[in-house]
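Keep the viewer open and try each task before you read on.

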Amino acid sequence: MRLTIFWERMADHFGQAYADSFARDHVMAELGGRTVHEALAAGWEAKDVWRGVCAAAGVPAEKR
């Protein structure tokens, strides 16, 4: 998954303004105790980060 697609999905689910806030502030066990930004900076693939976000935030199956 490209990062542009990842961020589009984040904005679609959380809204443009909240997506970045969520990505910076929400620490998720699914991402090894990291935020989205930390996981991406640590080299995680965008698709794996998206899967973690989906699990943590309860993203409906049709948006995954």
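## Exercise 1: H1 and H4

H1 and H4 are roughly parallel to each other (angles under 35 degrees count as roughly parallel, over 145 as roughly antiparallel, 65 to 115 as roughly perpendicular and the rest as oblique). The model is a predicted one, in which local features need pLDDT of at least 70, side-chain atom pairs count only at pLDDT 80 or more, and totals for chains, interfaces and linings use all residues. Residues are numbered from 1 along each chain as its sequence is written, and side-chain values use heavy atoms, with hydrogens and water left out.

**Task.** Find the angle behind this description and the residues that make the contact of H1 and H4.

**Solution.** 
1. The two axes cross at roughly 15° and come within 9 Å. Axes are lines fitted to C-alpha atoms, for helices over the stretch in contact, and angles run from 0 to 180 degrees between N-to-C directions. Helices are DSSP runs (H or I, at least four residues), numbered from the N terminus.
2. From H1, the contact (heavy atoms within 4.5 Å) takes in Leu3, Phe6, Arg9, Met10, His13 and Phe14. H4 brings Ala46, Val49, Trp50, Val53 and Ala57.

## Exercise 2: H1 and H2

**Task.** Describe how H1 and H2 are arranged, and list the residues in contact.

**Solution.** 
1. The axes lie 7 Å apart, at an angle of about 110°.
2. H1 and H2 are therefore roughly perpendicular to each other.
3. Trp7, Met10, Ala11 and Phe14 of H1 meet Gln16, Tyr18, Ala19, Phe22 and Ala23 of H2.

## Exercise 3: The two sides of H2

**Task.** Which residues of H2 are buried, and which exposed residues does the opposite face carry?

**Solution.** 
1. Ala19, Phe22 and Ala23 are the buried residues of H2, which spans residues 16-25. Buried means under 20% relative accessible area, exposed over 50% and partly exposed in between (1.4 Å probe, protein chains only).
2. These residues cover an arc of only 95° around the axis, so they sit on the same side of H2. The arc is that of the directions from the helix axis to the C-beta atoms.
3. They pack against H1 (3-14), H3 (36-41) and H4 (46-57).
4. The face turned away from the buried side carries the exposed residues Ala17, Arg24 and Asp25.

## Exercise 4: Thr35

**Task.** Is Thr35 buried or exposed?

**Solution.** 
1. Thr35 lies in the loop between H2 and H3.
2. Its relative accessibility is 5%, so Thr35 counts as buried.
3. Neighbours within four places in sequence aside, Thr35 is in contact with Ala23, Arg24, Asp25, His26 and Val27.
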